[in-house]
Amino acid sequence: MNVDPVAQAQATARRGELIVFPTDTVYGIAADPADPSATARLFAAKQRPQDLTLPILVASIGDARNIGVLDDRAERLAAAL
């Protein structure tokens, strides 16, 4: 049985659990940013101070606009990249 790792990560995030994934240099740890209890567990797992915000990775400029406000500099940078 083939397991789709992306689908598995999505299901894990929807359950409010943490996701560990490889990057090019280290392992990352992630959670659904819209789930306060999941982000609290992420802060605890990373032993990260609450006042040190977490980055949110998105798939598109549209996704970024849905979760935040992009100023002119951010719009230009996102369009260029």
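Ile 19 sits across from Ala 30 of strand S2. That pair belongs to a predicted model, where local features need pLDDT of at least 70, side-chain atom pairs count only at pLDDT 80 or more, and totals for chains, interfaces and linings use all residues. Residues are numbered from 1 along each chain as its sequence is written, and side-chain values use heavy atoms, with hydrogens and water left out.

S1 and S2 run antiparallel and are joined by four bridges; strands count as paired if DSSP finds at least two bridges between them. A hairpin of four residues links S1 to S2. Helices (H or I, at least four residues) and strands (E, at least two) are DSSP runs, numbered from the N terminus.

| Element | Residues |
|---|---|
| Strand S1 | 19-22 |
| Strand S2 | 27-30 |
| Helix H1 | 5-14 |
| Helix H4 | 72-80 |

Now for Thr 12, which lies in H1. Thr 12 is buried at 11% relative accessible area, where buried means under 20%, exposed over 50% and partly exposed in between (1.4 Å probe, protein chains only). Beyond its neighbours within four places in sequence, Thr 12 is in contact (heavy atoms within 4.5 Å) with Glu 17, Leu 18 and Ile 19.

Ile 56 is another story: it's in the loop between helix H2 (36-46) and helix H3 (61-67), and counts as partly exposed because its relative accessibility is 45%.

As for H4, zero of its nine residues are buried, so the helix lies largely in the open. Asp 71 caps the N-terminal end of H4, with a side-chain oxygen 3.2 Å from the backbone nitrogen of Arg 73.

Key. Polar contact = N/O pair within 3.5 Å; in protein donor to acceptor, adjacent residues only side chain to side chain.
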